[in-house]
Amino acid sequence: MQPVAAAARWGLPAIESVGALCDWLQLELEELEWFADLRGLGYGQSDSRLQHYHYKVLAKRSGDLRLIEAPKQRLKEMQRRILAEILERIPVHPAVHGFRKGHSIKSFVSPHVQQSVVLRMDVRNFFPSFHGPRIQAFFRMAGYPESVADLLGGVCTNAVPRGVWDKSYFDFSPEQLREAWSLYARPHLPQGAPTSPMLANLCAYRIDCRLSGLAASAGAKYTRYADDLAFSGDEAFSRHALGFSEHVAAVLLEEGFHVHHRKTRTMHSGRRQYLAGLVTNEKVNVVRRDFDLLKAILTNCVRSGPESQNREQHPSFQSHLEGRISFVEMIHAEKGVRMRRIFEQIQW
């Protein structure tokens, strides 16, 4: 694979050999090969002390399984350098709003305000669907020699050891565990690594081009926030939204991804339209139920103390509430000010 012509303008660090990569990451060759694990030796590693990641299995609201793969400190430092000095210098598609400086869920949602119809779709198993060879090919496209690109790809991907799925306390069916084992056994982008969101955005560039072009041909708008896809348009688009969603699913299937069909929603202007937890009918706004719940929690904290409201046992309940208030402030400044005033009355 040859580097794209645009790569010359990105100002990426010149790493022309494996030795140069070792110097750039400040590692010995044996250390670099161990972290990249191109031979897959870590897959059979049962000793957690010799594994490069901490693992945590979570249940999604849909009942599906999500695996968080958090890199250990030294690997995380390497990935952060790759992110800062390589990945963040490469432009992503304009439709991308997730994990991108100057963008947020508000910018993701804003193009779909006051539309006749909003179509929301979700990509299933987004991060683990980006396999190792795809990531290595991306680094070759960015201009790095094959040997360097393969090692960079290895550092940014992971194959989950078999022993992770042997835990008896997982509350999942055998079918779910078998599917997860098959999905995560191959090198993939680990959800939890600092490089994964940007690599996913960059490697999805062709998908974004195809979906953006498909939307334009139908007179619609398209934005993406990680695995959330949003399309919207006028009455003409409204009449064909269902068929359009089938074309989107076909494009994603051709690119190696699957739509989570149970999460597909076609929302017309006569009902509530929402994306990423925000209402889009007349203006971008927080969901009324969520706002009322936060207001009630803050008010009860003032009356009865914060301990009485920390039902989910957040280790830092104060920071948790501040984060929720900051979210409201970002979306609706006036409502955020009201929440902030109640918060300041709490006796911590």
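Biologist: Which cut-off in relative accessible area separates exposed residues from the rest?

Modeller: A residue is exposed when over 50% of its relative area is accessible, buried when under 20%, and partly exposed in between. These terms are applied here to a predicted model.

Biologist: Why is Glu-30 called exposed?

Modeller: Its relative accessibility is 57%, and the cut-off is over 50%; Glu-30 therefore counts as exposed. Glu-30 lies in helix α2, residues 29-36. Together with Asp-23, Glu-28 and Glu-33, Glu-30 forms a negative surface patch.

Biologist: What makes the contact between Glu-255 and Arg-206 a salt bridge?

Modeller: The closest N and O atoms of Glu-255 and Arg-206 are 2.8 Å apart, and the criterion is a nitrogen-to-oxygen distance within 4 Å; the pair therefore qualifies as a salt bridge. Glu-255 lies in the loop between α11 (241-254) and β6 (258-259), and Arg-206 in helix α9 (residues 205-217), so the pair ties together parts that are 49 residues apart in sequence.

Biologist: How do you know whether Glu-255 and Arg-206 are buried or exposed?

Modeller: Glu-255 has a relative accessible area of 9%, which is under 20%, so Glu-255 is buried. Arg-206 has 54%, which is over 50%, so Arg-206 is exposed.

Biologist: What makes Arg-340 and Glu-322 a salt-bridge pair?

Modeller: Their closest N and O atoms are 3.7 Å apart, and the limit is 4 Å; the pair therefore meets the criterion. Arg-340 is in helix α14 and Glu-322 in helix α13 (residues 317-331), 18 residues apart. With 31% relative accessibility, Glu-322 counts as partly exposed. The structure holds 16 salt bridges.

Biologist: How do you know that the buried residues of α14 line one face of the helix?

Modeller: In α14 (residues 333-343), the buried residues are Lys-335, Gly-336, Met-339, Arg-340, Ile-342 and Phe-343. Seen down the axis of α14, these buried residues fall within an arc of 160°, so they line one face. On the other side of α14, Ala-333, Glu-334 and Arg-341 are exposed.

Terms used: Residues numbered from 1 in each chain as written. Predicted model: local features only at pLDDT ≥ 70, side-chain atom pairs only at ≥ 80, totals over all residues. Heavy atoms only, no water. Patch = residues over 30% accessible without salt bridge, like charges linked within 9 Å, V, L, I, M, F, W, Y side chains within 5 Å. Areas by Shrake-Rupley, 256 points an atom, 1.4 Å probe, with all protein chains shown as cover. Salt bridge = Lys/Arg side-chain N within 4 Å of Asp/Glu carboxyl O. Lys, Arg positive; Asp, Glu negative; His and termini not counted. Charge placed at Lys NZ, Arg CZ, Asp CG, Glu CD. Helix = DSSP H or I, 4+ residues; strand = E, 2+ residues; numbered from the N terminus. Buried < 20%, exposed > 50% of the residue type's maximum accessible area, 1.4 Å probe, protein only. Arc of directions from axis to C-beta.
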